[in-house]
Every structure is written in structure tokens, then in C-alpha cells.
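Hi,

Here is the structure I promised to pass on to you. Have a look at it first, and then read my notes below with the model open beside them.

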Amino acid sequence: MDVVAQPILVVEGLSKSFRGLTALESVSLDVRRGEILGLMGPNGAGKSVFINVVTGLYRPEEGTIRYCGRDITSLPSYALARLGIARTYQNIRLLRRMTVLENVLVAIKDHVNQPFRSVFARNHCGFVTAATALLEQFQLADKSDWLAGSLAYGEARRLEIARALAGKPSLLFLDEPAAGMNERETEELGGTIRSSHELVEAIVIIEHDVAMMRKLSDRLVVMDSGRKIAEGRPNDVLAQPNVIEAYLGTDEPDD
Amino acid sequence: MIQDYVVFVGVNIVLAWSVYVVLLAGSLSFANGGFMAIGAYVSGVLTVKFGVPLVFATTIAGVVAGAIGVLVGFPALRTRGIYLMLVTVGIAVSVKAVIESIDYVGGIQGFGGMVGTTEWHVVALVVLVGCGLWFLSKSPLQRILDAVREDELVAASLGINPVYVKLVCFGAGAFLAAVAGGFYAHYLIHVTPDQFGIVLSVFIVLYAVLGGTNNMWGPPIGATIMTLIPEFVRSLESWRPTAFGIIILGLLLIRPDGLLAFRHVTTRAKGVLATSLSDGAKPD
């Protein structure tokens, strides 16, 4: 089921090191429109670094990142967010002292682009309605006036994804969304991600959970020691000897 | 006498708000005493030497201070937390030193001849700034500022430019402090650089912190109490500063988050109170 479409994100030869320690070594990959791309690999493989570089947290030493045909390699993260690249964090980062509804409202595009003009913004009701509808979809509407810091773990994960979607992005990065979840929660999360997929053009997920990735992703990329070692359909990739070796050949503390 | 109270309390309320505005985006500024000095001197020169009307002169002084604030704030706001505080202390100290060395405005002798501030100017200013802040607290901007204050990284990944937001707030704080300084100087008639030392900046921050910085009503309450306490303990004579200090310490012990620390949210928070947050993060 190869999707023939122009990729939304084209990454070429991306390299990044920290104090001489190579975190990414010439990584190239495409994210195609309409797909859920899974990014796997043992701990320290460079998956999170990859997301952090692509979303503007770190600058790469080498390589280019093109988004919708445009070079975005050196743009800061707020500029990337405005262009339609959203993300969640491995360790959930909610605005804990703001309410659930506020967490979603704050991401509304009209306001973040022109913060000081938003003083005179009208149509509050319209934005609240839209935000509530989004919360409804993530089963959080009944908690919309709770403080975000008081949510349970699974709810917090859902809220973080809802907030990322509030800015109507085209490309969504999820950094280990199922970390620390039990089987049932992971199952639910899969449903959440699938329904998110209808709102964006493409999703990139970092995840350890093999079963989840097999079910969810259209394509898989496997990384090890900062390099891409495999790419393709989930079932094919997970059967490759070097992928199995990468996973079994290292101690993988489950944290 | 009552006129003195109104003017000093009013000026201090605006000064407390000038710190509050900067704090809205999460930076603590000890530079506002310096910006107040810029306001006092620039407006004073304009009215005394050039005959510019008072209100116009203070407005210009505010804009000048705001521009200087943005200019020095740009490099300063790249630092955070305690480093940013030290940089703002440096700004306050430098402003005083620069004014002392300018003979045109009297050097350490000070500058005089400013008249014209009535209590109504100050009352009008407090009302105007208060309305502006109230309007802001009801708008989406409050949420954006809350987000920057709580987590710059997240704010940026939602499309907010944190440096820009902090810079505008820093400039706005400088503007407010300078306007307050302008009216203050034209009430006192004569000002000296000594009045704008670092202690003044510390006091301005104390006004805001003592009152509470979670909503716009804390800083004016802190400013009012701290301006009036020294008057109430006047009978203690040389023990006045000591009593003042003890009262402040006592207030901070009783209400560590400020006298008026309730959380004012743009949409009403129910169900869970802020105290439950101190229990720490949810299980990982």
C-alpha cells in the first residue's frame, strides 16, 4: 500500500552531536502526506534528538530539513509551530497551573501569531466552542475547568495531544506517547491517535511498544546509535535481522 | 497632607504595576527604579527647559524609557532567573551613575523646578492603568502571558515567540515606571539621583511581591500598605525602619505568596484548587 504522494517533510543528511558525542549521523527520511510514520529504536538511538532537531529545539550541524518544499533548517521552534508543525513531549509538559480549557485555548493560531493584538480579539465564544469540541473528542470536556496539573496520567497525555492539535497543524510529532501506560491505556491511546490522524496530514510517532507500532503505523523507520538502520512496512522491518539484533543486542531498561 | 498620601500611594501603585507587567511574562525586574529616574529627569527637562506641558512631557518620557527598556532588554532577556535579576540590578545602578555624571541635569546636586502634578493626575493615571490591566486580564493575551511565564519551551512550541513577548512586557514596565516617575518628580519639585538608588527598585519589587503577583489587585494593595505603614508607626521615631522591616517579614511569613494570592483564571477553575498542585506531579 505504498502511498504515492509528495512528502510533507524531507530530511536529508541530518547530523547532530553533543560535545563530540554523535547523536545523529547523517539521517535522511521522508514523511509522506496521509501517513503515520513510526520511529523506533533502542534507548539512545537518537529518536528524541531527531524530533528535537526537526522541531527547532536544537540546530543540526549538517543536513537540511524541507517542509512543504520550504527549507526550515534554521528556523526557531515558534516559527515552525506557526508553519504547522506541532509536537508533544516525552515527559508531558502541560501548563499545569492553567485549566484544561485554557491549555487548548492558548494554542489558537490567531492569538499566538499576534499576541498583543489579541487584547482586542473578538469572538471569544467561537474559540471556546471550538476548543470544547476538541476536548469533547478527547473525552476531556467534562474536566475543561480543572487545572491541568490535577489530571490523571492518561488524561494529561490526551490533553497534550489535544493542545498540539488546537493550532491546526499539518504535521504532528508524538514523542513516546505511550510511555508509562498500561496495556488498556495504550489501547485507548491508539484510538486517540487514529482519530487525531483525521485532523492532520501526517503523524510521526516515537514509540517502544512494538505491538502498538505494528498496528498503528503505515511505515516504520528504525534507528540505532544515531543512524537509520531500516525503513519500510512494519511487518517487513520488524522481521529484519539487524533490527532484531539492535533490540536484543542492547540492554533496554524500560523507563 | 491627604494630597501627599494620594500622590505617593498612587505613584507607588503604578510602580508596583510596572513590576507586575514585567512579571506577567515571568521576568523579575529590579530595573524599574532606574526607569522611574529616566522618567523623572526626561519629563523634568522637557517641562522646565522646553516648556512642554506636563502630561505630554511624561508621556514622551515614558516612551523614551520604554525604548531604552526594549534596547537594553533585548540582550538582558536572553538570560533567565537569577542572572536576569542581576542584569536588571545593573541597569538600575548604571542609570543612576549616568544621571549623576550629567551636569546638564545638575549631577549629584539634583534637578529642580518641576511643578504641576496634582492628586487628580495621579488618580487618573491609576484608573487608566488599572482599566488597561483589567482589560488585558480578560483577553487571550493573559493566557499567552501565563503560558510564557509557566513554560517558555512549551509556549514556543505552540507558536508563541517568548523573547518578543518578554521584551514588550519589559518595555511596557519601563514605560509605566517612567510615567509614574514623571508625575512624582513634578510633585516633589526637586529630585536627586540618590532618590533613585537600588533600594528604590527593591522596594518597588517588594510592593508587588508583598501584595501578590497572581492577579492585578495584589500589587496595588502591597503598594498601599507599604506606603502607609511607615506613617502609622511614626511614633516609634528612630525605630521606624526596624518596625517596618519586621512588619514586612511578618506579612511574608503569614502569606508567602502575597496578601492577595488567589488565582484569577480567564475561565473559571472549579473542582480542584491550586493547593493540590503542590502534591507534585502525577505518577510517571
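To get you started: how many residues lie between β1(A) and β2(A) in their hairpin, and which residue in the turn has a positive phi? There are two residues between the strands, and A:Arg19 is the one in the turn with a positive phi, about 50°. Before you go on, keep in mind that this is a predicted model.

With β2(A), the pairing is antiparallel and runs over eight bridges. As one place to check this, A:Val11 stands opposite A:Leu29 in β2(A). Strand β1 (residues 7-18) of chain A also pairs with strand β4 (residues 62-67) of chain A, in the antiparallel sense and over five bridges. Here you can look for A:Leu9 opposite A:Tyr67 in β4(A), and for A:Glu12 opposite A:Thr64 in β4(A).

**The six-stranded sheet in chain A**

Chain A also has an open sheet of six strands, in the order β6-β7-β8-β3-β9-β10, and its pairing is mixed. Its edge strands are β6 (85-87) and β10 (227-232) of chain A, which each pair on one side only. From one strand to the next, the twist averages 20°.

What does mixed look like in practice? For a parallel pair, go to strand β7 (residues 171-175) and strand β8 (residues 202-206) of chain A, which are joined by five bridges. A:Leu171 is found opposite A:Ala202 in β8(A). For an antiparallel pair, go to strand β9 (residues 219-224) of chain A and β10(A), which also have five bridges between them. In that pair, A:Leu220 stands opposite A:Gly232 in β10(A). β9(A) and β10(A) form a hairpin with two residues between the strands, and A:Ser225 takes a positive phi near 50° there.

**Chain B**

Now for the other chain. Chain B has 11 helices and two strands, and along the sequence the pattern reads α-α-α-α-β-α-α-α-α-β-α-α-α. Its C-alpha trace spans about 65 × 45 × 30 Å along the principal axes. For 284 residues, a compact globule would have a radius of gyration near 19 Å, and chain B agrees with that, at 19 Å. Of the 284 residues in chain B, 49% are buried. If you count contacts in chain B with a separation of 6 or more, 77% of them are between residues 24 or more positions apart.

Helix α2 (residues 32-50) of chain B has 19 residues, which at 1.5 Å a residue should span 27 Å; the end C-alpha atoms are 26 Å apart, so the two agree. α2(B) is mostly covered, with 15 of its 19 residues buried. After it comes B:Gly51, with a positive phi near 65°.

Is α8(B) mostly covered or mostly uncovered? It is mostly covered, as 24 of its 27 residues are buried. Just after α8(B), B:Ile189 has a positive phi of about 75°.

**Where the chains meet**

The contact takes 36 residues from chain A and 34 residues from chain B. On the chain B side, the elements giving two or more residues are α5 (119-137), α6 (140-150), α7 (152-157) and α8 (162-188). The largest share comes from α6(B), with seven residues. By type, the chain B side divides into 18 nonpolar, eight polar and eight charged residues.

Notes: Residues are numbered from 1 along each chain as its sequence is written. Chains are lettered from A and ligands numbered from 1 in the order in which they are written. This is a predicted model: local features need pLDDT of at least 70, side-chain atom pairs count only at pLDDT 80 or more; totals for chains, interfaces and linings use all residues. Two residues are in contact if their C-beta atoms, placed from the backbone, lie within 7 Å. Helices (H or I, at least four residues) and strands (E, at least two) are DSSP runs, numbered from the N terminus. Ala, Val, Leu, Ile, Met, Phe, Trp, Tyr, Cys and Pro count as nonpolar, Asp, Glu, Lys and Arg as charged, and the others, Gly among them, as polar. The expected span of a helix is 1.5 Å times one less than its number of residues. A residue is buried if 20 or more other C-beta atoms lie within 10 Å of its own, exposed if 12 or fewer, and partly exposed in between; C-beta atoms are placed from the backbone. The radius of gyration is taken over C-alpha atoms; the globule rule is 2.2 Å times the number of residues to the power 0.38. Two strands pair if DSSP finds at least two bridges between them. Axes are lines fitted to C-alpha atoms, for helices over the stretch in contact, and angles run from 0 to 180 degrees between N-to-C directions.
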